Amino acid sequence: VQLQASGGGLVQPGGSLRLSCSASGTIVSINAMYWYRQGPGKQRELVAGISSGSSATYADSVAGRFTMSIDNAKNTAYLQMNSLKPEDTAVYYCNANLQIGVFRNYDYWGQGTEVTVSS
């Protein structure tokens with residue numbers, strides 16, 4: 001199983017980006033998926049997450065600006081980021097807890113996609 005994150009880039013303050021995180025391989029179901037980020041000189045922080053059967057939750061710093069969703073048919077999570085600020089500049093990582101077999105649940109990490117918010 002692999003996670004592939006994409007969609008990062010350079011955007012001006014106030015702009016938008018949509019990140020994608022696709023899981024490939026033999027996947028029975030998605031238990032939960034999360035987006036983390038690590039800014040320059042900062043620790044990695046949880047940005048948003050969705051657990052199976054639950055609504056998305058967000059860090060206070062992004063609530064109201066970011067929206068996370070999951071397309072279970074595509075095994076893909078999205079993070080729609082609007083009204084971006086320079087402090088959103090970071091490498092964004094996706095994390096997933098996946099069921100890959102009977103009683104077999106594992107955590108996986110994507111490789112990260114870089115987001116730079118600058119004029």
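**Notebook: disulfide, sheet and core**

I began with the cysteines: the torsion about the S-S bond of cysteine 21 and cysteine 94 comes out at about 70°, so the disulfide is right-handed. The two parts that it links are distant in the chain, since cysteine 21 sits in strand E3 and cysteine 94 in strand E9, 73 residues apart. I note for my own use that a disulfide is a covalent bond between the sulfur atoms of two cysteines; the criterion applied here is a pair of cysteine sulfur atoms within 2.5 Å.

Before going on, I wrote down that this is a predicted model, in which local features need pLDDT of at least 70 and side-chain atom pairs count only at pLDDT 80 or more, while totals for chains, interfaces and linings use all residues. Residues are numbered from 1 along each chain as its sequence is written, and side-chain values use heavy atoms, with hydrogens and water left out.

Going back to the cysteines, I found the S to S distance between cysteine 21 and cysteine 94 to be 2.1 Å, and the count by this rule is one disulfide.

Next I turned to the strands, which, like helices, are DSSP runs numbered from the N terminus (E for strands, at least two residues; H or I for helices, at least four). I traced an open sheet of four strands in the order E1-E3-E8-E7, with antiparallel pairing. Strand E1 (2-6) and strand E7 (66-71) are its edge strands, each pairing on one side only. From one strand to the next the twist averages 15°, an angle between N-to-C directions on a scale from 0 to 180 degrees, with axes as lines fitted to C-alpha atoms (for helices, over the stretch in contact). In general, strands of a sheet pair through backbone hydrogen bonds, either parallel or antiparallel; here two strands pair if DSSP finds at least two bridges between them.

I then followed strand E8 (residues 76-81), which pairs with E7 in the antiparallel sense over six bridges. Along that pairing, serine 69 stands opposite tyrosine 78, and threonine 67 has glutamine 80 as its bridge partner. E7 and E8 form a hairpin with four residues between them, and asparagine 75 in the turn has a positive phi of about 50°. E8 is also joined by six bridges to strand E3 (residues 17-24), running antiparallel, with leucine 19 opposite leucine 79. Five of the six residues of E8 are buried.

Which residues touch the most other members of the largest nonpolar core? Of its 31 residues, these are Trp35, Leu79, Met81 and Tyr92. Among the strands that each supply at least two residues of this core are E4 (29-38), E5 (45-51) and E11, but the largest share, six residues, comes from E9. Such a core is a set of buried Ala, Val, Leu, Ile, Met, Phe, Trp, Tyr and Cys residues joined through side-chain atoms within 4.5 Å.

I looked at valine 115 in strand E11 (residues 113-117), which is buried at a relative accessible area of 0%. Beyond its neighbours within four places in sequence, valine 115 is in contact with residues including Leu17, Leu19, Met81 and Tyr92, contact being heavy atoms within 4.5 Å.

Last, I searched for ring pairs, counted where the centres of Phe, Tyr and Trp rings (the six-membered ring of Trp) lie within 6.5 Å, with planes under 30 degrees apart called stacked, over 60 edge-to-face and the rest tilted. The count is one aromatic pair: tyrosine 36 and tryptophan 109, tilted, at 5.1 Å centre to centre and 50° between the planes. Tyrosine 36 lies in strand E4 and tryptophan 109 in strand E10 (residues 104-109), so the pair ties together parts 73 residues apart in sequence. Tryptophan 109 counts as partly exposed, at 41% relative accessibility.

How values were computed. Buried < 20%, exposed > 50% of the residue type's maximum accessible area, 1.4 Å probe, protein only.
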